[in-house]
Amino acid sequence: MSWRSCFYFLRAAHKTLYTLQEQLGLLGRSGIRPSSTMAQTVTPILSVLPTRGLVDEKFKVALENLPPRFPVTLHSLHQSEDKDYWEAFGYYVSDDRGRVTVSQDASLGGTYTGAEPMGLLWSMRPVPGSRTGLRLRKMDVQSPMVVLISAYKGHVFEGFREQPPMASAVTERWYMAPGVQRIDIRERGVKGTIFIPQGPGPFPGVLDMWGGGGGLVEYRSALLASHGFVSLALDYLSPKVAVADDQSLVYFEKAFNIIQQHPQVIKDRVGICGLCLGASVTLNVAAYSESVSPRCCVCISGSHVLPAAKSLSYVINDGYKHMDKLLVDEQNRMVWRHAILPITTNPDEKLDMGRIKCPLLLVNGDDDQSKATVESAEDIAKMMRAAGNEHLLTTLNYHDAGHLIEPPYTPHFRASNFIIQHLQQKVLVLWGGKTKPHADAQEDSWQKILSFLREHLYPCPSSSIPQAKL
Amino acid sequence: METNLWRLLLSVQPSRGLVDEKFSVRVQNAPPAHPLTMHALLHSEDGDTWEAFGHYVTDSGGDVNVSEDPSLGGTYDGVEPMGLLWSLRPAPGSRPGLRFRKRDAQTPMQVRLSVYQGHQSEGFMDRAVLASVMVERWYMAPGVRRVNITEGGVTGTLFLPPGPGPFPGLMDLWGGGGGLVEYRPALLASHGFASLALDYLKQADVKNEYFEDAYRVLQQHPQVCKNRIGLVGLSFGSSVALKMSVYSNVIQPRCIVCVSGSHIQHVGGTLADIFADIAKNQKKTRYNEENQVIWRDLLLPVPTDLSKKVDVSQEQCPLLLVVGEDDQNWPVPESADDMREMMEGAGNSHLLTVLSYPRAGHLIEPPYSPHCRESDRKTKPAIFIALWGGEVAPHSRAQEDAWRKTLDFLRENLYCSAD
């Protein structure tokens, strides 16, 4: 079966299953030919539940009706929006009843091993022959990631496209729950996308900022809205958004206000979440803004080592200035973590963390090769201890996780292409992390981030406050 | 005016599920020991509104878990994980005799689940909602393909599972309600069966050969295992399935599922003859106190004459009968008893499995959709309200149990059994 025809229809599938049928109706007659031995035997039964899940929901993959003690390979395949193919696979042997249950049975090899319910997703990597330095990111969050799960006879490590699988199932992975609204924001010079949960609200709000890669990345915000937070994914690095040379925090304060003033947002329950450069911006706003007070902050793979009173473009350029500390490894990958090491003792060169007034959650990977986040977190703790506000700080350090700690069950990539915006230069950046520990870090940190946001942003009934009678 | 000092969190997993998949509904972050009403709202394609609700009290942690906590009242009570769906009924003020049926099997049912303050039983549209989420319920899994069939004079819709196949096949025969009902075969395809919804009641004079032609179309599809085809019928469709399987040389199913069916029919003729026969017995129609039509007596008493009932002693494949003991539309329990007797007498009763459900009615459908005790039937010259029977909770349990056992039966006979 041609993957091209398979994915042509699978990508259309989520848009209109109806227009899909005619094309697919032909597949049985022309494209797919079961092998001659299969014409008389029956296929095993492959199931994936739920068939349509949120990206952070676990699924159950099970295979039945195999012969007992039969070797099979479970394989996942996804075509990205950039048209690259990603795959993962695990080797199993059916039990005495001819069953394989991925959530319980151990994979004996493949792109993941052991009992890994979600291994078919987080261990995905580009198929052999793909372009290099790829990163899997969903830019259109209103459609799902479509994943084809298949079962192959025996333990196969290559040539998946040359043989027909025994059985296949399709599953959808969504960043947006049904009914979540997506609205483009172009207000007061602020550019971004706001996601609003279903229901009357009002809801807590989150200002969500991605990293120095630029552009507008919406998927985390979409997922946060699916969990009950009004989320604004903020574009703050595009050339159209003239923030980079602004020394003040005005742009971010305006964005924060837009959330606060939204009729479905609880004004005093707005937090900020940032990754990488976005985390630095988060700390900057939390420490220095005189007009906005986030109720809590989440900083993923960030650092406080940046001068407070300087513009973003200064900060970014400054980072690239320490060329002597920027390494290029033997595979031509940029290793940037040493740029801020050792952590400076000069208070003018870093944010004053003693000024933080709200709960702060730091999420870091200790194999982060792009930024010295663990060392930064230690210094942050030291500063806050000295200032007496350390009780506000929670730090999560994940062993062998890298820089890009994202929502769970999406693939890990140790390095990928990156465009240095102001130089318009494409490089290969080493993010770090080992696949399995990084996947575990994504799963664990996401749950803790959601709990942290709920704890601080969702008003809780308090036994000391009398409840109004019905 | 109530001051909301807290915001509760409502979550449903999965938010997009198959119609027969269980979901988990949870409320968090409310005060402890706090009364709440869980409410479900569904708009049918005809513009009618269906609703269900259950009364709960939060636990000491301020949580409600619908899968584990009892409803204290509403349209369902007790611990009922799926009660918000199966107890859906037309909202007050609706037209009488409504039946919920999804005509478009390719789009989901969209159910709005909401939480209300206190224990409410009416006026939901006028009250403020504490939280609300939209849940999708699908008849078609992703990757299932829908194909219009118009070959060889056969009209229907074929649903194919994803993957190269080949797959066991099913011919799905709906009941005398007419029209092409696609949702059950769509769901069956989502479970791995190439399923053909056959349109067979457009014309009154459909010939028996029509069913044989349809069977051949299914057999000859390149993604269908031609030796692994079953029949699934409901009501009148079950009658057709029984007759064809015994008397046709072309239709040789590997197994048959007859939901709410009867073997009582004029064996020698066409469908038109069967309808004419039934019409002759119109005077046996009864009415209940609400003037709803009870048609179950029209086929009774069970004949002894073998020209008037399918001779199931000649049945050669496993047969699963699903029986609602409160069926007011057809004499399904009596027919099942007679079929068992015939098969025991002939020595082939090992092929027979009967699932009999007390207080379940005629319309035993895929689970977690609203129960219909009566609905309108457009039978010339008037519209009657036909009484199907069944009580909500037992009927819904019957649907859940029968569906699971039906799928197991189909898998066992079509997927697992040796050639």
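**Salt bridges and an annotated site**

Glu81(A) and Lys138(A) form a salt bridge, with their closest N and O atoms 3.0 Å apart. This pair links distant parts of the chain, 57 residues apart. Glu81(A) sits in the loop between strands S4 (71-79) and S5 (85-93) of chain A. Lys138(A) sits in the loop between strands S7 (125-126) and S8 (145-153) of chain A. Glu81(A) counts as partly exposed, at 28% relative accessibility. Lys138(A) counts as buried, at 8%. Keep in mind that this model is predicted.

How many salt bridges does a search of the whole structure find? The total over all chains is 43.

Turn to chain B. Asp46(B) pairs with Arg103(B) in a salt bridge, and here the closest N and O atoms are 2.9 Å apart. Again the pair links distant parts of the chain, 57 residues apart. Asp46(B) lies in the loop between strands S4 (35-43) and S5 (49-57) of chain B. Arg103(B) lies in the loop between strands S7 (89-90) and S8 (109-117) of chain B. Asp46(B) is partly exposed, at 44% relative accessibility. Arg103(B) has a relative accessible area of 54%, so it is exposed.

Arg146(B) and Glu182(B) form another salt bridge, at 2.9 Å between the closest N and O atoms. Arg146(B) belongs to strand S10 (residues 145-149) of chain B. Glu182(B) is in the loop between strand S12 (167-173) and helix H2 (183-189) of chain B. In chain A, salt bridges that share partners join Glu116(A), Lys436(A) and Asp440(A) into one network.

Now for the annotated site. An unreviewed UniProt entry lists Cys276(A), Asp368(A) and His403(A) under "active site". These residues span 128 residues in sequence, yet no two of their C-alpha atoms are more than 10.9 Å apart, so they gather at one spot.

Cys276(A) is in the loop between strand S14 (265-275) and helix H7 (277-288) of chain A. It is buried, at 13% relative accessibility. Beyond its neighbours within four places in sequence, Cys276(A) is in contact with residues including Ser301(A), Lys371(A) and His403(A).

Asp368(A) is in the loop between strand S18 (360-365) and helix H9 (373-387) of chain A. Its relative accessible area is 1%, so Asp368(A) is buried. Beyond its neighbours within four places in sequence, its contacts include Ser301(A), Arg337(A), His403(A) and Trp431(A). The side chain of Asp368(A) also reaches the backbone nitrogen of Ser370(A), at 2.9 Å.

Key. Residues are numbered from 1 along each chain as its sequence is written. Chains are lettered from A and ligands numbered from 1 in the order in which they are written. This is a predicted model: local features need pLDDT of at least 70, side-chain atom pairs count only at pLDDT 80 or more; totals for chains, interfaces and linings use all residues. Side-chain values use heavy atoms; hydrogens and water are left out. UniProt positions are given in the numbering used here, feature names are shortened, and annotations may be inferred rather than shown by experiment. Helices (H or I, at least four residues) and strands (E, at least two) are DSSP runs, numbered from the N terminus. Buried means under 20% relative accessible area, exposed over 50%, partly exposed in between (1.4 Å probe, protein chains only). Contact means heavy atoms within 4.5 Å. A polar contact is a pair of N or O atoms within 3.5 Å; within protein, one must be able to donate a hydrogen and the other to accept it, and residues adjacent in sequence count only if both atoms are side-chain atoms. A salt bridge is a side-chain nitrogen of Lys or Arg within 4 Å of a carboxyl oxygen of Asp or Glu.
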